[in-house]
Amino acid sequence: MSWDYYAWLAANSNQKEQLNPPQGLAAGHVDALSVSFFGDNTNREITRQTYIQFASRSFSFPDCVRDSEPNFGDLVSARWLGLQVDFKLLTPWYSKDDRVFHVLDNPVRKDRVFGVPFMSAASWKGMLRWACRMQAGLREHLENGKRFEDWRDPDWILHLFGNEKGEEETFHQGALVFYPTWFDRIGFEVINPHSRERRAGTQPIYYEVVPGRKPRPDNPGEHEEGGKGSLYLLYAPWPGMKPAVDTIDFLPKLLEAIETLLTTYGISAKRTVGWGTAQITKWKAFRKGQKTVERDSREQLWQTINAWFQGGGAP
């Protein structure tokens, strides 16, 4: 199976770029349905339902996607710390795809080549920085009538995330490295706005999502598990970088911010309506020369690994 149209063209020099791409591409079926959807106004709903049936099928990750996950079991420096947080979604996750043409108004963000839903590393960085700011007092800052522009990140947040874009005098990058999260399934949600006059549904709005936990249609007493994913973080201060605060002080704050982000705030683009919350199933920590630690809770993990940073173990 070919995953990339242009890689296929490069491997088949006798072929020319065409409007009808070859069969077998990951995005080929989606492209064909999109062409049909926009070319035939009479059968749009049939085309939309065909896509929903197609996308609802179970799928497995391509090997190259799994190979892209970081290997924290082989860190090159004893000053680095790898963190892996496994979770499963309780409510749907959604981030709008950047495809211009699609049979749905709200397709979920997917990798362009492999068609697998994912949350980008940049999204993780932005959301986790915001969660750390909330923990450091941003909410109280705004509730006191102060402007966000007057907010100044404490030293431990600057150390982990670096300066915001636009900083010119003391700009430096943070010590955290982020990775994308791949999700293992696709589902659909329908929002049906009602007319106030007729008190009836108007035009249903489809959202392609990574599903959360929900009752089984055939047995409401049981539940279908939500999509699963993993957050990967690498704490990797560069040579000579010295944190302004002690590691044993800011690492518990970082772990708490991760937990609050996943379980309370949510990681979805529609988290204001409760989407994107998750249940953390496993915490893992990796460090060179240490045995990998796996725990069920944040407190248990920190109780075990804080000894790594005692007595000069800090980076």
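**Entry 1. Cavity**

I looked up the lining of the largest cavity by class and found five nonpolar, one polar and one charged residues. For these classes I took Ala, Val, Leu, Ile, Met, Phe, Trp, Tyr, Cys and Pro as nonpolar, Asp, Glu, Lys and Arg as charged, and the others, Gly among them, as polar. The lining consists of Ser68, Glu69, Pro70, Tyr179, Pro180, Trp182 and Tyr232. I noted a volume of about 30 Å³ for the largest cavity, and the structure holds one cavity of 30 Å³ or more. A cavity here is a set of points, on a 1 Å grid over the protein atoms alone, where a 1.4 Å probe fits but cannot get out; lining residues have an atom within 4 Å of a point. Grid points are joined across faces, edges and corners, and the volume is the space filled by probe spheres set on the points.

**Entry 2. What I am working from**

The model is predicted, with local features needing pLDDT of at least 70 and side-chain atom pairs counting only at pLDDT 80 or more, while totals for chains, interfaces and linings use all residues. Residues are numbered from 1 along each chain as its sequence is written, and side-chain values use heavy atoms, with hydrogens and water left out.

**Entry 3. Whole chain**

I found nine helices and eleven strands in the chain. Helices (H or I, at least four residues) and strands (E, at least two) are DSSP runs, numbered from the N terminus. Of the 315 residues in the chain, 43% are buried. Buried means under 20% relative accessible area, exposed over 50%, and partly exposed in between (1.4 Å probe, protein chains only). Among contacts in the chain with a separation of 6 or more, 64% join residues 24 or more positions apart. Contact means heavy atoms within 4.5 Å.

**Entry 4. Helices α5 and α8**

I looked up how α5 (residues 121–136) packs on α8 (residues 247–265): the angle is about 105° and the axes are 9 Å apart. That makes α5 roughly perpendicular to α8. The cut-offs are under 35 degrees for roughly parallel, over 145 for roughly antiparallel, 65 to 115 for roughly perpendicular, and oblique for the rest. Axes are lines fitted to C-alpha atoms, for helices over the stretch in contact, and angles run from 0 to 180 degrees between N-to-C directions. On the α5 side, the contact includes Trp124, Met127, Leu128 and Trp130; on the α8 side, Leu254, Ala257, Ile258 and Leu261 are among the residues. By class, I noted 13 nonpolar, one polar and two charged residues in this contact.

**Entry 5. Met134**

Met134 is in helix α5. It counts as buried because its relative accessibility is 14%. Beyond four places in sequence, Met134 contacts Arg139 and Tyr265. Met134 and Ala257 are 123 residues apart along the chain, with 8.5 Å between their C-alpha atoms.

**Entry 6. His141**

I placed His141 in helix α6 (residues 138–143). At 11% relative accessibility, His141 is buried. Not counting residues up to four places away in sequence, His141 touches Lys146, Arg147, Asp150 and Trp151.

**Entry 7. Two loop residues**

Val116 sits in the loop between β1 (81–89) and β2 (118–119), and it counts as buried at 2% relative accessibility.

Asn192 lies in the loop between β5 (187–191) and β6 (205–209). Asn192 counts as partly exposed, at 37% relative accessibility. Its contacts, leaving aside neighbours within four places in sequence, are Gly201, Thr202, Gln203 and Pro204. The C-alpha atoms of Asn192 and Ile205 are separated by 6.1 Å, the two being 13 residues apart along the chain.

Technical notes. 1 Å grid on protein atoms, 1.4 Å probe; cavity = no way out; pocket = protein on both sides within 12 Å on 5 of 7 lines; lining within 4 Å.
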